[in-house]
Amino acid sequence: MPPPLFLGLDCSTQALKASLLSAELAVLGELEVRFDADLPAHGTRGGVLHGPEGSGEVFSPVLQPLEALDLLLERIAAAGWDVGAVRAVSAAGQQHATVYWSSEAPRLLGALDAGGPLAQQLARAFSRDIIPNWQDSSTAAECAALTAALGSADGLADATGSSAHRRFSGAQIAKFLRVHPQAYADTARISLVSSLMTTLLCADGEVKGIDESDACGMNLWDMRRRVWSEQALAAVGGADTAALRSKLGLVETDGGRVVGHIGKWFTQRYGFSPECVVLPGTGDNPATFLSLVLRESEGLLSLGTSDVVMVSTAAYTPHPEYHAFFHPAQIAPPSADGAAVDGAQPGPLRYFNMLVYKNGSLAREHVRDKYFASSWQRFNDGAERLRPKSAADVPSRTAFWWLLPDIIPANAHGVHKYEGQDADTAAEVDAFADADAEALAILESQMLNYRSRSAAILGSPAGLSRAYVAGGAGKNPTICAVAADVLACPVSKAVEWDGDSSQWAEAGWNACSVGVAYKARWGWEREVARQKGDHARASIGFDELIAEIRRARRAALPADALAAADAPDDEGVANVALPGPGAGAYDDAVGWWQALEGRALAAGN
Ligand code: ADP
Ligand code: XUL
């Protein structure tokens, strides 16, 4: 028998991506289908279509992910991936986006003909021909109704992990009911993109349950009682809450539970093994979180177009400013609205908080263009010249660049700069006399923001114990160094030993699809143990298994890999920046910065 392989899929906004992994978690191959370029008939840009000007509607065609899966499987076959050796698969999907199944779905899903592609056979399986995208902002009225139903933004955040957000599924479902009541009534089930993918992979006639971590992005799941919130259901679907409850279905509370086997359509058409198991899909952000195996109190700074900060925690810490999610790979205790579980031993509940900032790279680029002739090198040189060299170099300047109304703090807008070590008397200035301060001030301010809020989440002034960085700006060494100093913790990245060039290199793979491939690997390990009657092993934790595999990988590395000067302490993870001599300068800066943030908010735009 060939060695087992594992597949992770990432169905995000612009592309469907696949990663193929070995049992030792080596990434053996990656392939993708880009929606705009590869499925041009839909005329999408950035994977989406827009409603009438001013409507705020952003959506994609419901058949887009199906056509993409058809094409991806063709590409996998053409690339010669040994899909017959794939033992487990799991998928990630863009968060919040809802998919509406018709009552014909089970029959069509159960009767797929391997002679033809998926999309055309499932065209009638949906009661809505679009999937509202996470960028949609057309649901202001529905958000207001949801907030009112739970009493306040705090009340909704406390119950569901987030205050009302226009992209969240609850408001989107409510709008569908308002605008298309008949189509809503004709909807048999509602999936998220992640559970759509799980359903397609199984194609066994059953619409699969929503994953509990991804359910937290709906404003519908009561995170304290771990059931669908009766009040939220009523606000979204009307008095007959049982109807919406049954459309939403049972939630998957064990992220490593086998929810089915790969469908006959896949085995007959592409040669997958009927033994290949399918694990619940999860959201794309939770999946990225899994690829880095964040331990409690560790964080991930994803510095892309916007900055997204994820903080791993042991406690439920809801707040109207940000999102609380369940950990995406845990064995949670059974729930009244949960799917039946296979007797695995539940572990303690774990969570992560996600903070989304619109003015991330966008604002940094603006400062670079305005003061540093559009050069990252000059921007970095400016920041480096002024970085604190010792604990005595306490910062005296900070800047808030809210070019777009931000999410955190809610609707913060305008540009505000301050100079002075006393927050009450610091002068608000238009520009710093020393232009190099512009670079350092924005970086420090962003990192003090992440430190201040992650410390509040963790309930400890020390804040994060480690910060992983990802995304375009994570490549910038000055940004990583300032992050290490301000956050007062190591800044790390995923790395791999490249046997060909005999060096350690930053892992270039797609974190999201790799994260769910890890989940597939975890689910398979447990399923094999379950079949052998090894109950302890069948309940092994995700982190524990990944650490075990990484230790084995490390032991198998060639001597030159371990002897290399930059060999990481942990297999798979290397520090790219450590707190330097100036880090102590920030110890007392958080309170000063918070007070100035208050002043900037009060000043408005
Ligand atoms: P997304 O996934 O949101 O498309 P990426 O993760 O590719 O974004 O990151 C893109 C952003 O990275 C750009 O907005 C750019 O400002 C930023 N970026 C790229 N290179 C650098 C650099 N050397 N220093 C700082 N920021 C950078
Ligand atoms: C998260 C969010 C986006 C999508 C992108 O709340 O809306 O990051 O998950 O795919």
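Predicted model: local features only at pLDDT ≥ 70, side-chain atom pairs only at ≥ 80, totals over all residues.
We begin with ligand 1. The residues around ligand 1 are Gly304, Thr305, Ser361, Glu365, Trp376, Gly471, Gly472, Ala473, Asn476 and Ile479. Sorted by class, this shell holds six polar residues, three nonpolar ones and one charged one.

A polar atom in the side chain of Thr305 sits 2.6 Å from an oxygen atom of ligand 1. In the side chain of Asn476, an N or O atom is 3.0 Å from a nitrogen atom of ligand 1. Ala473 takes part through its backbone, where a polar atom lies 3.5 Å from an oxygen atom of the ligand. How much of ligand 1 does the protein bury? Taken alone, ligand 1 exposes 580 Å², and the protein buries 58% of that area.

The cysteines come next. A disulfide is a covalent bond that joins the sulfur atoms of two cysteines. For a pair to be counted here, the two sulfur atoms must lie within 2.5 Å. By this rule the model has zero disulfides. Cys202 is in no disulfide, and the nearest cysteine sulfur belongs to Cys276, 9.1 Å away. Cys202 counts as buried because its relative accessibility is 1%, and the cut-off for buried is under 20%. Cys489 is also in no disulfide; the nearest cysteine sulfur, that of Cys480, is 11 Å away. With a relative accessibility of 2%, Cys489 counts as buried too.

Now turn to helix α19, which covers residues 511-532.

The last stop is Arg245, which is found in helix α12, residues 241-248. Is Arg245 buried or partly exposed? Its relative accessibility is 25%, so Arg245 counts as partly exposed; that class lies between the 20% limit for buried and the 50% limit for exposed. Arg245 can also be compared with Arg189 in two ways. Along the sequence, Arg245 and Arg189 are 56 residues apart. In space, their C-alpha atoms are 9.5 Å apart.

Key: Residues numbered from 1 in each chain as written. Chains lettered and ligands numbered in written order. Heavy atoms only, no water. Near = heavy atom within 4 Å. Polar contact = N/O pair within 3.5 Å; in protein donor to acceptor, adjacent residues only side chain to side chain. Areas by Shrake-Rupley, 256 points an atom, 1.4 Å probe, with all protein chains shown as cover. Nonpolar A, V, L, I, M, F, W, Y, C, P; charged D, E, K, R; others polar. Buried < 20%, exposed > 50% of the residue type's maximum accessible area, 1.4 Å probe, protein only. Helix = DSSP H or I, 4+ residues; strand = E, 2+ residues; numbered from the N terminus. Expected span 1.5 Å × (residues − 1).
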